[in-house]
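User: I'm new to this one. Could you walk me through how to read it?

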Amino acid sequence: MTITTVAARFRSIELSLLEKLRLLNWPFVTVVALIALVGYGMLYSAAGGSHEPWAWRHSVRFAVGLVLMVAIALTDVRVWFRWAYAIYGMALLGLIAVDIAGQISMGAQRWINLGLFQLQPSEVMKLALVLALARYFHSAYLDDVARPAQLIVPLAIVLLPTALVLKQPDLGTSVMLLAGGGALMFLAGVRWWKFALVIGSALGALPVLWHQLHDYQKQRVLTFLDPERDPLGAGYHIIQSKIALGSGGVWGKGILKGTQSQLSFLPEKQTDFVFTMLAEEAGLIGALGLLLLFLVLTAYGLVFALRARNQFGRLLAMGITITFSLYVVINIAMVTGLIPVVGVPLPLISYGGTAMMTVLIGFGLMLSVDIHREIAIPRFPVDLDR
Amino acid sequence: MHREADRLRTFSRRALLLGAGQLGLFGAIAGRLYYLQVVTADQYALLADENRINHRLLAPARGRIFDRHGVPLARNSPTYRVLVTREQTASLQATLGALARLIPVPDQRVEEVIAEAARHRGFVPITVREDLTWNELARVELNTPDLPGVSLDAGLLREYPVGPIMAHVLGYVGPVAETELNGDPLLELPEFRTGKSGIEKVYDQALRGRAGISRFEVNALGREIKELYRQDGEPGRDLTLTVDLDLQRYVHERLSSEQSAAVVVLDVNTGDVLALASVPTFDPRAFIDGLSRDTWRELTSNANVPLVNKAIGGQYPPGSTFKLIVALASLEAGATGPDYEVFCPGFLQLGDHQFHCWKRWGHGRLKLVDAIAQSCDLYFYDLARRLGVDAIAAMARRFGLGQTLGIDLPGERPGLVPDRAWKRATRGLPWQLGETLIAGIGQGYMQATPLQLAVMAARIANGGQEVWPRLVRREPGTDGAPPAAPPRLLGVSERSFRLVRQGMYEVVNGARGTARQASLNDPQVALAGKTGTSQVRRISRAERATTVRKNEDKPWEERDHALFVAFAPYQAPRYALAVVVEHGGSGAGAASPIARDIMAKALELDRTRASPTVSAGPSGAPA
């Protein structure tokens with residue numbers, strides 16, 4: 001087979017828009033909308049029973065994000081394959097730009113102001129990293145992956161942005177980047193013992209890392225280990241959050257009736273601690289219900305990954321699923337006092353545009369993988385960029 | 001293509017593994033939620049309530065105090081405060097300015113309020129002014145739309161409608177002192193007042209009542225959101241005094257011309273204190289919000305000690321009023337009788353001392369009744385000498401002298417009834433016969449309070465019933481229950497009483513009585529009494545020999561105290577009283593007219609009242 005015939009065949013598999021819409025996983029989209037609806041209700045309650053200032057804007061953002069998600073889903077997965085490195089490169093440049101800007105303004109900097117909206121490169125990177133690694137490992141068979149030299153590039157793809165994000169400093173995002181990158185390498189077939197080696201040496205490097213941490217990060221870790229240490233300061237959030245959760249009980253206090261939330265004992269109830277508010281007002285039942293919706297999305301992600309016919313799609317779907325469930329797990333573990341407060345929002349529920357966009361774009365990519373699951377992508381599609 | 005199959009197999013296996021891992025993480029989170037929301041839910045529910053619920057004590061209304069006919073003597077009147085809340089007003093300065101145009105607010109106060117508001121959180125109301133008049137209240141109320149952040153608040157203020165007239169009986173309330181704090185949170189309320197003297201102090205616990213409680217929800221900043229629960233306090237018990245306000249008011253007016261005096265009027269059958277006055281007095285209202293320094297200085301620097309209740313705390317030599325006791329002791333001991341005569345030449349020589357009668361040229365021969373009527377000192381020197389001081393002291397104590405009588409007021413003093421043992425114990429010296437003679441006319445070491453003298457007069461009038469003075473008609477807790485037992489009898493014979501009372505009748509109504517001006521001039525109702533003039537300063541023999549100075553010629557503070565004890569009606573005694581006019585000169589001149597007027601008023605009030613509430617007629621009293 002000549003290269004041109006391969007390319008021709010590859011291009012020949014084109015789906016019509018109608019076919020794509022039929023292939024779009026509508027139950028998945030419905031669950032996403034359901035979660036956003038829960039988010040709307042919570043933000044309505046957080047404002048004391050008002051659409052302002054959060055709930056209304058949240059739904060507008062969701063509507064925009066939903067359209068974007070579907071648009072991305074309908075875009076051929078090969079487009080994303082083609083642009084994977086470029087997107088990663090732009091995200092990395094963005095991270096470098098905010099680092100430089102941060103050094104100039106002598107403070108933590110996470111945003112790039114693009115006039116119309118603010119761009120958070122670390123959020124873009126969560127997806128860009130998965131795209132880049134998926135593309136890299138798309139062409140690597142197990143024996144390729146077994147060669148240590150082959151791992152230098154993917155390690156650089158993961159560690160470069162992780163270091164930059166840690167420097168911002170944003171502990172939560174860097175943990176997510178590291179975990180997402182690790183998961184992708186694992187899925188690509190990197191040997192168990194290599195992970196054991198890296199994790200082992202990471203544990204050995206913990207004392208060194210401890211010294212690298214900012215004081216407030218150290219405080220967070222220490223306060224996590226013993227929240228009572230500083231009940232009015234750093235520990236206040238966690239103590240109040242646990243009181244709110246616990247006092248919610250099985251059935252909750254009722255929407256708009258959560259004393260901890262409505263009387264402002266619970267801080268950040270519209271952003272990072274929105275799950276606490278849900279658990280206080282809707283109880284264990286409500287909390288587990290939301291958790292179940294998240295679990296359904298994760299399960300779909302796994303299904304998308306397993307039924308994709310190309311390695312890029314598999315890795316992409318699985319990587320995004322893991323990134324998404326990391327959001328959920330880290331946020332809830334944080335508000336329930338299982339891990340330190342690292343400032344990770346709850347996707348589709350917390351107020352805030354960037355995280356919602358990241359998650360919806362990610363879902364769009366997942367859906368795109370699923371719609372185009374039958375399309376085979378050659379290991380080295382040389383003419384693809386043409 | 002087996003390489004593709006290999007990596008697909010690896011991918012699938014590992015993807016499922018990661019999926020299982022995610023499920024495990026979700027499971028761990030669900031477990032954590034179960035632990036927090038089910039296992040430890042109760043504990044956190046408690047913490048949540050502690051977070052949101054605050055308590056506030058509601059001060060109970062203090063018990064009211066009434067006179068024996070139900071006239072209020074101490075009550076609580078609503079008082080209105082105007083407050084301003086910083087966060088509810090755009091400009092505190094402007095709002096206070098607008099307020100100051102409606103009601104007087106000193107400029108200085110405006111600055112204080114602004115400074116105070118700056119120290120507190122924005123939602124804490126700051127008091128701008130207290131004690132608004134109705135007029136001011138209405139003006140603020142009407143203009144509230146133009147006064148953002150201004151609110152009105154009602155409290156209760158202790159009020160004494162008759163002011164100084166009852167000050168020594170009622171006492172007063174004042175802010176809680178540091179030393180009173182005992183952990184009771186009620187005492188820490190800024191507006192709470194406790195009794196500081198008088199009835200207010202003695203019955204403080206009963207008058208206080210029980211605090212109520214208000215539970216309310218607060219937010220994280222401490223702002224009140226809503227009241228959740230309210231249990232109003234139990235107001236303090238009301239007290240009804242034995243005092244008759246009409247009589248008390250009259251006594252007060254009658255004494256108003258005196259510099260320093262005290263009067264006690266008792267019901268001879270019950271010991272009820274119908275009037276108890278001490279002048280000068282003070283205005284109890286000055287104490288409620290804490291006394292100003294000027295008022296305090298004025299009250300404490302006054303030589304006539306307005307803050308001391310002289311009716312129970314002033315101790316005076318009883319003078320000739322004590323002769324009643326000496327007479328009774330002698331009659332009981334058989335040392336005298338109706339016909340026992342003594343010749344009074346005007347003085348008695350004892351060793352190288354001369355003991356004078358107040359009447360320089362003597363009374364000549366007299367019997368007991370005349371001796372009382374004319375208050376012959378020589379007659380009682382004779383009785384005292386033959387009786388001995390210990391017998392006199394014993395009789396004095398049976399009539400309430402030399403001891404506190406347990407009246408429900410703080411500051412009661414015991415007086416002094418000297419005897420041999422007392423002198424040996426306190427001075428380490430043997431008793432002298434001359435001292436017995438002096439004691440026989442109520443001078444020397446002897447001291448008594450007006451209350452004791454009134455009780456003495458009452459026990460003589462009622463035929464020896466051991467009545468005790470009391471101010472509160474209904475003891476708290478017994479609610480109008482009658483006294484447990486009728487008064488004990490002193491065991492002094494009616495024959496002795498009859499003679500002494502006859503002597504007292506003659507003092508006022510006899511041709512040669514010392515207090516003829518005290519007669520009621522009423523053929524139906526007669527007053528019986530005994531004058532007393534107690535020396536403040538021993539008259540030197542030189543003075544006596546050269547110039548007998550009349551009281552009026554001496555400086556005020558050297559003049560004798562004027563005393564009078566009395567009861568009426570003579571035929572069926574109801575009221576006994578004691579009058580002491582400090583430095584009044586003579587009992588006959590200064591004290592007996594006061595006694596006469598007060599007694600006349602008491603009897604008149606009795607007649608004018610359709611149904612006298614004074615206790616039933618005398619039991620075992622002489623006709």
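User: Which hand does the crossing of α6(A) and α9(A) have?

Analyst: A crossing is left-handed if the near helix is turned anticlockwise from the far one by less than a right angle, and right-handed if clockwise. Here α6(A) and α9(A) cross in the right-handed sense. This is a predicted model: local features need pLDDT of at least 70, side-chain atom pairs count only at pLDDT 80 or more, and totals for chains, interfaces and linings use all residues. Residues are numbered from 1 along each chain as its sequence is written, with chains lettered from A and ligands numbered from 1 in the order in which they are written.

User: At what angle do the axes of α6(A) and α9(A) cross?

Analyst: Axes are lines fitted to C-alpha atoms, for helices over the stretch in contact, with angles from 0 to 180 degrees between N-to-C directions. The axes of α6 (residues 121–138) and α9 of chain A cross at roughly 15° and come within 10 Å. Angles under 35 degrees count as roughly parallel, so α6(A) and α9(A) are roughly parallel to each other.

User: And which elements of chain A touch chain B?

Analyst: Two residues are in contact if their C-beta atoms, placed from the backbone, lie within 7 Å. By that rule, 41 residues of chain A meet 35 of chain B. Helices (H or I, at least four residues) and strands (E, at least two) are DSSP runs, numbered from the N terminus. Elements giving two or more residues to chain A's side include α9 (171–188) and α12 (236–248), while α14(A) gives the most, with 11 residues.

Conventions: Angles under 35 degrees count as roughly parallel, over 145 as roughly antiparallel, 65 to 115 as roughly perpendicular and the rest as oblique.
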